[in-house]
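Q: Hi! I've got a model open and I'd like to walk through it with you. Could you help me out?

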Amino acid sequence: MNILIDTALKGAILIAAAAIASYFLRGRSAAARHAAWTAAVIGHLALPALSIFVPQWNLGLIPEPAWMKSTVAAPAVTSIIEPASPEKTSIIHDDPASAVTPISQPTNPQPAAEQSSWIGRIKSTNISPVTLLWLIGSALVLIRLAIGTWKVGRLARQGARVDDGEWLSLTQRLANRLGISRPLTLLRGDRLAVPVTWGVVYPAVLLPPDSNEWPEERRRFVLVHEMAHVKRFDALTQLVAQIAIAVFWFDPLIWLAAHRMRVEREHACDDYVIRDGTKPSLYAGELLEMVQSIGTPSRETAAPAFAALAMARRSEFEGRMLAILDSRQDRHTLSRRSTVAASMLLAILVLPLAALRPFGARAASAEVVRGNNQKTDVAKAAVNDGRPNLNFSENACDSAMRVRRGTVSNLVHTDSGDEDGIPVLEYMSLSDAGCTQAAFVGTTVFANDRLISLGNEESFVTVSEVTPSTNRSIRITRRGNGTMEFSPRLNGSAVGFDDSMRAWLAKLLPAILSEAGVDAPQRVSRDLARGGVDAVLTRIAAIRSTSSRRAHYEALLDGRPLSSAEYDRVSRHVSHYLASSPSDLAAVLTRIAAGPAKGTKSLGAAVGALGRAQDALSNALEAQLGRSHSSSDTAQALTQYGVTDDPDMLLLALEGAADMSS
């Protein structure tokens, strides 16, 4: 609904442009004015789709209105997560004196009577009232179109195919003259008042029952008028207008544009008749006779205006008479050059409107989460008025999904929050499967990869996931009584924190924390207890972020003592999974080289383990040098690996330097 309302507001600019163009084209042909209104309607429909794919153009001219907010003041359903037991709780903040806030207030379920009512059933579908109202309106417009199409089809089924030689010969001559190659079917109805045309691929003209008695002149101008609809593809533009009305039925401007399209379309077809040689006074008189017959017992209908193209209608007759009898009227058709120019002008207007974001960008909330034993060396972000300076906007995933084109990235931004600043952690992961974004602001408490509580009322968490088919997000804030409030959204609409949202968050949050390297020591400890070193290495292999892999490797090396065989497995694992990051690889392998002596019971075993770790470090350096394609790459690798007191490593680095050509 946000997209539709935003499109309707932008579409008002297109309608205004069409109205201005129509005013200045009042002395030109009706075909030009019809093209202006048609372009506005097509642009209206194109805006929602284009806004998804074109890059955003953020102006920040006005504050973002409330109806575009991604959070709501009072969500339909809130939920509280019970805290884990104290021995399993890991508190992620700077103040060791802080305690976990007990959270035990239950949610307020809907009354049973309301759940059994139709209101309760509507609420359970997670559809907002505004969205439901829009769906009802669109359905009514589409049902109206379907009924009108059915009525026209019934008229055709009840009619008879015209096989009169005079009619068919005249039709063929006029088709050749107008350049119409598509086959045209002539039918004759029983109670039809005026000729009617419909059909895009296979057009058909339904004639009144007394059409066989018409003189040659009336036959000719009727066929010219109806075949002008076929040549101009008016049935297609009429269908586009009805689709636009179904989507934007709440916008009165789209109804106005569709009405003006219909009026100018008939004027343009009248121009075909006048250009073909029919006297305006004769044509006006014949149309007047047709209009007067509409509604009589023998000719009761003119077919629905929204489902077919009727030759004459009472509501539009006066303006058509004035246009037909106006000798100063320009009656030329729209040339191919004018059509191309109009299309280019439409693109010039629509593309910037689709990209336009006039509202001030909402800063996504995020915060750094630091483990008890995890020390992160990060640059301090600027802090304004006590609020964090965030790198990723809240709709960064929406923008990234539009331009991803095979991009795979994993981004983590942290701010330690020193000097009275707010700690911040921002995470964003992008792939062809979708985009995941999270932000943690202030003090947060985790246990077993679950969010337990927020440290103060300024702390909050946002998590979102955008896929080609679904957009889910949730904002978690702290109430005054210490409980957490959840405000989830699904495809832009506020929904309740139901079982599906709980399952989504329970699945996504551990993956985010793991990729961001949050709580690595506790996570490694749990994996060691569950499956030993192999379980830890399996988890690390599934992590995409090299910095997070390093954090988990270091947590493993700083944990319980490892055996010689375990050091061997870890060194081989590190050489493979950190090969793309020389600095991280060198840091972990150096720690491995210094670590085996702590985990061995004999001097011989310690020396053997140390030698194997150094061999792994040497092999990693050789592999890195083999991937280097320039002297600068080689120099960088040698600098990272050569800062050591080990003679063998220094010798290996010097040998590599001797081979450099620069």
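Predicted model: local features only at pLDDT ≥ 70, side-chain atom pairs only at ≥ 80, totals over all residues.

Q: What percentage of the 662 residues in the chain is buried?
A: Buried residues account for 48% of the 662 in the chain. Buried here means under 20% relative accessible area, with exposed over 50% and partly exposed in between, using a 1.4 Å probe and protein chains only. Residues are numbered from 1 along each chain as its sequence is written, and side-chain values use heavy atoms, leaving out hydrogens and water.

Q: Thanks. How many helices and strands does the chain have?
A: There are 21 helices and 19 strands. Both are DSSP runs numbered from the N terminus: helices are H or I with at least four residues, strands are E with at least two.

Q: And what share of contacts joins residues at least 24 apart?
A: Taking contacts between residues at least 6 apart in sequence, 69% join residues at least 24 apart. Contact means heavy atoms within 4.5 Å.

Q: Let's look at helix 5. How far does it reach from its first C-alpha to its last?
A: Helix 5 has 30 residues and reaches 43 Å, close to the 44 Å expected at 1.5 Å a residue. The expected span is 1.5 Å times one less than the number of residues.

Q: Which residues of helix 5 are buried?
A: They are Thr131, Trp134, Gly137, Ser138, Val141, Leu145, Gly148, Val152, Leu155 and Ala156. What covers them includes helix 1 (2-24), strand 4 (185-188), strand 5 (196-198), strand 6 (204-207), helix 8 and strand 19 (493-494).

Q: Helix 8 came up there. What does its buried side pack against?
A: The buried residues of helix 8 pack against helix 2 (30-53), helix 5 (129-158), helix 7 (216-231), helix 9 and strand 7 (309-310). Those buried residues are Asp234, Ala235, Thr237, Gln238, Ala241, Gln242, Ala244, Ile245 and Ala246. As for length, the 14 residues of helix 8 (234-247) should span 20 Å at 1.5 Å a residue, and its end C-alpha atoms are 20 Å apart, which agrees.

Q: Gln242 is on that list. Why does it count as buried?
A: Gln242 counts as buried because its relative accessibility is 4%. Gln242 and Arg144 are 98 residues apart in sequence, yet their C-alpha atoms are 10.0 Å apart in space.

Q: Now helix pairs. At what angle do the axes of helix 9 and helix 10 cross?
A: Helix 9 (252-275) and helix 10 (280-293) cross at roughly 130°, with their axes coming within 10 Å. That makes helix 9 oblique to helix 10. Angles under 35 degrees count as roughly parallel, over 145 as roughly antiparallel, 65 to 115 as roughly perpendicular and the rest as oblique. The axes are lines fitted to C-alpha atoms over the stretch in contact, and angles run from 0 to 180 degrees between N-to-C directions.

Q: Which residues make that contact between helix 9 and helix 10?
A: Asp270, Val273 and Ile274 come from helix 9, and Pro280, Tyr283 and Leu287 from helix 10. By class, that is 5 nonpolar, no polar and 1 charged residues. Nonpolar covers Ala, Val, Leu, Ile, Met, Phe, Trp, Tyr, Cys and Pro; charged covers Asp, Glu, Lys and Arg; the others, Gly among them, are polar.

Q: What about helix 2 and helix 12, where do their axes cross and at what angle?
A: The axes of helix 2 and helix 12 (336-355) come within 9 Å and cross at roughly 35°. The contact is made by Ala39, Ile42, Gly43, Leu47, Leu50 and Ser51 of helix 2 and Leu346, Val350, Leu351, Leu353 and Ala354 of helix 12. In class terms, the contact has 9 nonpolar, 2 polar and no charged residues.

Q: Switching topic: what is the phi of Asp449?
A: Asp449 has a positive phi of about 60° although it is not a glycine. Most residues other than glycine have a negative phi. Asp449 is in the loop between strand 14 (444-447) and strand 15 (450-454), and it is buried at 9% relative accessible area.

Q: And where is Asp519?
A: Asp519 is in the loop between helix 14 (499-516) and helix 15 (520-542). Its phi is near 60°, again a positive value in a residue other than glycine. Asp519 is buried, with a relative accessible area of 3%.

Q: Last one: what does Ser464 touch?
A: Not counting residues up to four places away in sequence, Ser464 touches Cys435, Thr436, Gln437, Arg472, Ser473, Trp504 and Leu508. Ser464 is in strand 16 (460-466) and is buried, at 11% relative accessible area.
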